[in-house]
Amino acid sequence: MGETSYAIPESAAAAHEPSGRQPRGFGSIAIFAALVVLAGVVLVPILATAVNGFKELGDLESSPFSLPHVWVWRNYWEILTGYRYWQVLGNSLLIALLTVALTLALSSMAAFTFAHLRFFGDKFLLNYLQLGLLFPVATAILPLFIKIRDLGLLDSYWGIVLPQVAFSLAMGVLLLRNAFKQLPGELLDAAMMDGCGYFSYFFYVTLPLSGPILSTVAVISFVGSWNGYLLPLVVLNSESRYPWTLGLMAYQGQYSTAWQLVLAFITLTILPAILMFLFAQRYIVAGLTAGAVKG
Amino acid sequence: MSANGWATLVIFLPPALLLFTVFVALPMAEAAWYSFYNWNGYGRPERFIGLKNYGYLIGNATFNRALINNALIIVVSLLVQLPLALGVALMVAGRIAGAAWFRTIFFLPYVLADVAAGLIWHFMFDGGYGLPSIITSALGLQPYYLLADKNWAFSAVLIVILWKYFGFHMMLYVAGLQGIDKSLLEAAEMDGASSFQRFWHITLPLLGPMIRLSVFFSVVGALQLFDIIVPLTGGGPFETTNTMVSYLYYFGITRMRVGFGSAAGVALFIICVTFAFGYRRLFMRDD
């Protein structure tokens, strides 16, 4: 699959159907209606979550799928003015940014050597790294826990970041190596003739020319880290270090009978992802699907 | 290779190799080693018990149920999710009004964390407040708690998976559809092919690589499903909704049965790797 690339949809205008295949009249209305219904099914759980966060518990119990009789802003306000919400988001952001930065740095450097240098065992080492694509973190989570404990990284950010980076490396190296190899070889030859070493070439030519693929790798590792649950669950003990996924579960555990609060907390914790998605949709969709296709 | 090349190699490659070895390759190898021991994680693994962990795993009803659940996810992903995703992709790849909006909406659940999705649906399925309550209260029946029904609770998991993941597969198909040369479809239409014939004989075969890819992700995703289970059912009621990974978590990690949990991990590893290699060899050679 390595070299295939597909156009990723960016807007409605990107789709060009031959005129004859455009649904017309009744067919088109039926399709539109079906899509509206499906969109409703997809959106109702999210909207119900957000709206029910504005209710008193009694209101929620008696009419869970209607607008609040009285809009209660207190639920959201108390979460937003509290310490907890910002702390879990901050932790997630820190962990995700460290993961992305390290993943980009390590996988671009490794991909660069695989793309441009021939050395004994290069094929073997590349295949070795690609093993990481074959199995999920969960398969080795117990020995990983022991390893993290023995390295003294339990209950620390690095205990999450380093394994996350290690598990993103296979994807990062694969995508970046393919992209680096596609840069015109004349560039490298010319640079070498001019006495430019590999280091300068990497920093001044390869990286600047690889923006899109680097952002793809960044998006994949950021989303994976931001949404990560199993690894922090196993590594962390202190609530003060919880990322939002763990913080959400802890909050739910604490207020399990007060669904209106839990729903408000869910809404606020998924809000950053939704906003990021809506504003950077092009990059996120392209990153997540192109990454999948090319990987 | 030049001195400059060697210097690059020595500086650029080892960090990635080191991190990968320490946190991916070694733990996997150690899982295989620990799986032959009865070990609680403290001191060194000394109580060698051979294949007993595996034997226990195979004979364990809860683990077998988890295996069946994983298989169910795969079946539903392939028989329901993929046709749905393909159908919707055909609808939103065209010039239907609001196509871009629909794509955005359908993809949206995919960017949410599984944990949040699981918790949202925990509320949606709640017998007192959620969807079942609409029906039961309208009919004047007792509240129905789907997540506590040991016969049907797993269907809740399947619904959440459909809800969360079909948009991703739809987007793959939309990308595939836009890579299809429109002149082929136009030529077929001029030759009098019906829209079904055009779909069956042109669009579908040309989507082949994307379909194979989508199947691959469905299966791999199904095998590692965990995050949705915890907030939705916690593996219950009566351990009927575990997946292999949630089984590994609840019975290996939380009880610090390192040897036993490692054996479950190795079983999952073998299934994943066998599938990945077999599938690529059989179906994805030309892609």
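How many residues does the contact take from chain B and from chain A? In this predicted model, the contact takes 91 residues from chain B and 90 residues from chain A.

**View 1. The side of chain B that touches chain A.** Helix 2 of chain B, spanning residues 14-34, gives the most to this side, namely 15 residues. By residue class, the side of chain B that touches chain A comprises 64 nonpolar, 18 polar and nine charged residues.

**View 2. The largest nonpolar core.** This core has 170 residues. Those that touch the most other members are I141(A), L169(A) and V173(A), together with A89(B), A116(B) and Y173(B). Helix 8 of chain B (residues 153-178) supplies the largest share of the core, 17 residues. Because domain 1 (25-72) and domain 2 (82-294) of chain A both give residues to the core, it lies between them.

**View 3. The surroundings of I141(A).** Leaving aside residues up to four places away in sequence, I141(A) touches L230(A) and V234(A), as well as I253(B) and G265(B). I141(A) is also one of the core residues that touch the most other members.

**View 4. Confidence along chain A.** Chain A has a mean pLDDT of 86, with 90% of its residues at 70 or more. Over residues 1-23 of chain A, the pLDDT is below 50. Beyond near neighbours in sequence, this stretch of chain A has 54 contacts in the model.

How values were computed:
Residues are numbered from 1 along each chain as its sequence is written. Chains are lettered from A and ligands numbered from 1 in the order in which they are written. This is a predicted model: local features need pLDDT of at least 70, side-chain atom pairs count only at pLDDT 80 or more; totals for chains, interfaces and linings use all residues. Two residues are in contact if their C-beta atoms, placed from the backbone, lie within 7 Å. Helices (H or I, at least four residues) and strands (E, at least two) are DSSP runs, numbered from the N terminus. Ala, Val, Leu, Ile, Met, Phe, Trp, Tyr, Cys and Pro count as nonpolar, Asp, Glu, Lys and Arg as charged, and the others, Gly among them, as polar. A nonpolar core is a set of buried Ala, Val, Leu, Ile, Met, Phe, Trp, Tyr and Cys residues joined through C-beta atoms within 7 Å. A residue is buried if 20 or more other C-beta atoms lie within 10 Å of its own, exposed if 12 or fewer, and partly exposed in between; C-beta atoms are placed from the backbone. Domain bounds come from an automatic or database domain assignment. pLDDT is the predictor's confidence in each residue, from 0 to 100.
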